[in-house]
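Let's take a walk through this protein model, one piece at a time. Keep the 3D view open and find each spot as we get to it.

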Amino acid sequence: MSDRMINRILIIEDDKEHQAVIERLVAKMGYHTELASDYEEAKNILEHQLVDLVISDINLGGDKDGLDLMEKVKQGTGQPDFIIMTGVTGNYSYADIVSAGAADFIPKTI
């Protein structure tokens, strides 16, 4: 992850319970949060608002996922950093996620 100051974090999670838990944790740490539930909503936020970090589930419903979104953003400005989460850890390794451009990878417990 870069050394720049992180103030605003976009949380992309389709499961509302997981999203609420992550938001509470991040807010408790003093960060401002933006929330999105799917690819299109997240893409819209990233096009219109400045965020310093994205915490995204891989599974965003539909045919686009968190890795697709990260790739699209990284091709543009290269910012912000991404932390990718998934509950389907058997399909992805830490090395796969980081080599795709993520700053980190968090396996979710289901």
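## Threonine 86 and strand 4

Let's begin with threonine 86, which you'll find in strand 4. (Helices and strands here are DSSP runs, numbered from the N terminus: helices are H or I with at least four residues, and strands are E with at least two.) Threonine 86 counts as buried because its relative accessibility is 3%. The cut-offs are simple: buried means under 20% relative accessible area, exposed means over 50%, and partly exposed is in between, using a 1.4 Å probe and protein chains only.

Which residues does threonine 86 touch, not counting those up to four places away in sequence? They are Asp57, Ile58, Tyr92, Phe105, Ile106, Pro107 and Lys108. Contact here means heavy atoms within 4.5 Å.

## Where the numbers come from

A quick word on the ground rules: this is a predicted model, where local features need pLDDT of at least 70 and side-chain atom pairs count only at pLDDT 80 or more, while totals for chains, interfaces and linings use all residues. Residues are numbered from 1 along each chain as its sequence is written, and side-chain values use heavy atoms, with hydrogens and water left out.

One of the residues on threonine 86's contact list is Phe105. Phenylalanine 105 sits in strand 5 (residues 104-107), and at 12% relative accessibility it counts as buried.

Now hop over to serine 56, in strand 3 (residues 53-57). Is serine 56 buried or exposed? Serine 56 counts as buried, because its relative accessibility is 0%. Leaving out residues up to four places away in sequence, serine 56 touches Ile12, Gly66, Ile83, Ile84 and Met85.

Leucine 60 counts as buried, with 4% relative accessibility. Setting aside residues up to four places away in sequence, it touches Ile12, Ser37, Asp38, Tyr39, Asp65 and Gly66.

## Helix 2

Helix 2 spans residues 39-48, and its buried residues are Tyr39, Ala42, Ile45 and Leu46. Why are they on the same side of helix 2? They cover an arc of only 130 degrees around the axis, where the arc is that of the directions from the helix axis to the C-beta atoms. Here's the general idea: an α-helix has 3.6 residues a turn, so residues three or four places apart point the same way.

The buried residues of helix 2 pack against strand 1 (8-12), strand 2 (32-36), strand 3, helix 3 (66-76) and strand 4. The face turned away from that buried side carries the exposed residues Glu47 and His48. At the start of helix 2, a side-chain oxygen of aspartate 38 comes to within 3.3 Å of the backbone nitrogen of glutamate 40.

## Helix 3

Helix 3 has a buried set too: Gly66, Leu67, Leu69, Met70 and Val73. Looking down the axis of helix 3, these buried residues fall within an arc of 155 degrees, so they line one face of the helix. They pack against strand 1, helix 2, strand 3, strand 4 and helix 4 (94-99). On the other side of helix 3, Gln75 and Gly76 are exposed.

At the N-terminal end, aspartate 65 caps helix 3, with a side-chain oxygen 3.0 Å from the backbone nitrogen of leucine 67. Aspartate 68 lies in helix 3 as well, and at 30% relative accessibility it counts as partly exposed. Apart from neighbours within four places in sequence, aspartate 68 is in contact with Tyr39 and Asp63. Aspartate 68 and isoleucine 58 are ten residues apart in sequence and 8.8 Å apart in space, C-alpha to C-alpha.

Definitions and conventions: A polar contact is a pair of N or O atoms within 3.5 Å; within protein, one must be able to donate a hydrogen and the other to accept it, and residues adjacent in sequence count only if both atoms are side-chain atoms.
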